[in-house]
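Here's a quick look at one model, written for someone who likes cut-offs spelled out. Have the sequence and the coordinates open as you read.

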Amino acid sequence: MDFSQIEQLGDDLREIGHKRRQLVEKIYQEVTEGDQQSSKALYQELSRVSDEAISIIEQQKQIFDEQVTKM
C-alpha cells in the first residue's frame, strides 16, 4: 500500500473540507442578506467542491478495498 498516496488524498480532503466550510459560511451570509443571485452561484460552487470531496473519498476507499481483498 502506498501510504504517501493515502496521505496526499487525506490532505486534499482536508483542504476541500476547508473550502466547503468557507462556502457554507458565504452562502449563509448571502441568504441572510437576501442576495439570491450570489447565493445560487456559491451553491453551485459548493456542489462542485462536494463532488470533488466524494471523488477523493471514493479513491481512498478503492485503495483500501484493493489492499484488504489481497489479504
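Is serine 39 buried or exposed? Serine 39 is buried, with a relative accessible area of 9%; buried means under 20% relative accessible area, exposed over 50%, and partly exposed in between, with a 1.4 Å probe and protein chains only.

Some housekeeping: this is a predicted model, where local features need pLDDT of at least 70 and side-chain atom pairs pLDDT 80 or more, while totals for chains, interfaces and linings use all residues. Residues are numbered from 1 along each chain as its sequence is written, and side-chain values use heavy atoms, leaving out hydrogens and water.

Serine 39 sits in helix H2, a helix being a DSSP run of H or I with at least four residues, numbered from the N terminus. H2 covers residues 36-70 and spans 51 Å from first C-alpha to last, close to the 51 Å expected (1.5 Å times one less than its number of residues). Helix H1 (3-33) is part of what covers the buried residues of H2.

Two polar pairs (N or O atoms within 3.5 Å, one able to donate a hydrogen and the other to accept it; sequence-adjacent residues count only if both atoms are side-chain atoms):

| From | To | Distance |
|---|---|---|
| Aspartate 35, side-chain oxygen | Glutamine 37, backbone nitrogen | 3.5 Å |
| Glutamine 36, backbone oxygen | Serine 39, side-chain polar atom | 2.9 Å |

The aspartate 35 pair caps the N-terminal end of H2.

Leaving aside neighbours within four places in sequence, serine 39 is in contact with Ile27, Glu30 and Val31 (heavy atoms within 4.5 Å).

How values were computed
Helices (H or I, at least four residues) and strands (E, at least two) are DSSP runs, numbered from the N terminus.
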